[in-house]
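Let's walk through this protein together, one piece at a time. Have the sequence and the 3D view open as you read.

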Amino acid sequence: MSKISFPQPALRAVFFDGPEPDRNRDGDEIPTWSVYVGDEDGVPVDQVYRCLSFGTAQRLAQRIAEDRGIELISDAMPA
């Protein structure tokens, strides 16, 4: 039996973006930041993490980049 393999997307970097507007349970507008591993086009190749604080998102992005040994691209700023 032969095994079929599909090419894996090339991981380019960890992307850290935000703030983006979102809504909490009460309907109030809140800022959120996104952290994800993306391909050459910046398209997520796995889970996208949404964080409610800039600091938490920044630490997460740095940790993922360090763990995977890939570049961190940050377009984020504090709210």
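Is Val-45 buried, partly exposed or exposed? Val-45 has a relative accessibility of 30%, so it counts as partly exposed. You will find Val-45 in the loop between β2 and β3. While you are there, look across to Arg-12: the two residues are 33 apart in sequence, and their C-alpha atoms are 10.0 Å apart in space. Please keep in mind throughout that this is a predicted model.

Now step back to the whole chain. The protein chain contains 1 helix and 4 strands, and along the sequence they follow the pattern β-β-β-α-β. Of its 79 residues, 29% are buried. Among the contacts with a separation of 6 or more, 45% come from residues 24 or more positions apart.

Next, the strands. The 4 strands form an open sheet, with mixed pairing, in the order β3-β2-β1-β4. The edges of this sheet are β3 and β4, each of which pairs on one side only. From one strand to the next, the twist averages 30°.

Let's take the pairings in turn. β1 and β2 run antiparallel to each other and share 9 bridges. You can trace this pairing through its partners: Ala-13 is bridged to Gly-38 in β2, and Pro-21 is bridged to Pro-31, also in β2. The hairpin made by β1 and β2 has 5 residues between the strands, and in it Gly-27 takes a positive phi near 90°. On the other pairing of interest, β1 and β4 are parallel, with 4 bridges between them. There, Val-14 has Leu-72 in β4 as its bridge partner.

Strand β1 holds one more detail for you to look at. Pro-19 lies in this strand, and the peptide bond that joins Gly-18 to Pro-19 is cis, with omega at about 5°. As background, most peptide bonds are trans, and most residues other than glycine have a negative phi.

From the sheet, turn to the helix. Helix α1 covers residues 54-68, which is 15 residues, and it reaches 21 Å from its first C-alpha to its last, close to the 21 Å expected at 1.5 Å a residue. Which residues of α1 are buried? They are Phe-54, Ala-57, Ala-61, Ile-64 and Ala-65. Viewed down the axis of α1, these buried residues fall within an arc of 100°, so they line one face of the helix. The face turned away from that buried side carries the exposed residues Arg-59, Arg-63, Glu-66 and Asp-67.

What do the buried residues of α1 pack against? Their partners are the strands β1 (13-23), β2 (29-38), β3 (49-51) and β4 (71-74). Just after the helix comes Gly-69, with a positive phi of about 65°.

Finally, let's look at charged side chains. In general, side chains of opposite charge can pair when their charged atoms come close. How many salt bridges does a search of the whole structure find? The search finds 2 salt bridges.

Arg-63 forms a salt bridge with Asp-67, and their closest N and O atoms are 3.7 Å apart. Both residues lie in helix α1, 4 residues apart, which is about one turn of the helix. Arg-63 has a relative accessibility of 57% and therefore counts as exposed. Asp-67, at 56% relative accessibility, counts as exposed too.

A salt bridge also joins Glu-29 and Arg-23, where the closest N and O atoms are 3.9 Å apart. Here again, both Glu-29 and Arg-23 are exposed.

Last, find Arg-63 and Asp-67 among the exposed residues on the face turned away from the buried side of α1.

Conventions. Residues numbered from 1 in each chain as written. Predicted model: local features only at pLDDT ≥ 70, side-chain atom pairs only at ≥ 80, totals over all residues. Heavy atoms only, no water. Helix = DSSP H or I, 4+ residues; strand = E, 2+ residues; numbered from the N terminus. Expected span 1.5 Å × (residues − 1). Buried < 20%, exposed > 50% of the residue type's maximum accessible area, 1.4 Å probe, protein only. Arc of directions from axis to C-beta. Contact = heavy atoms within 4.5 Å. Pairing = 2+ DSSP bridges. Axes fitted to C-alpha atoms, helices over the stretch in contact; angles between N-to-C directions. Salt bridge = Lys/Arg side-chain N within 4 Å of Asp/Glu carboxyl O.
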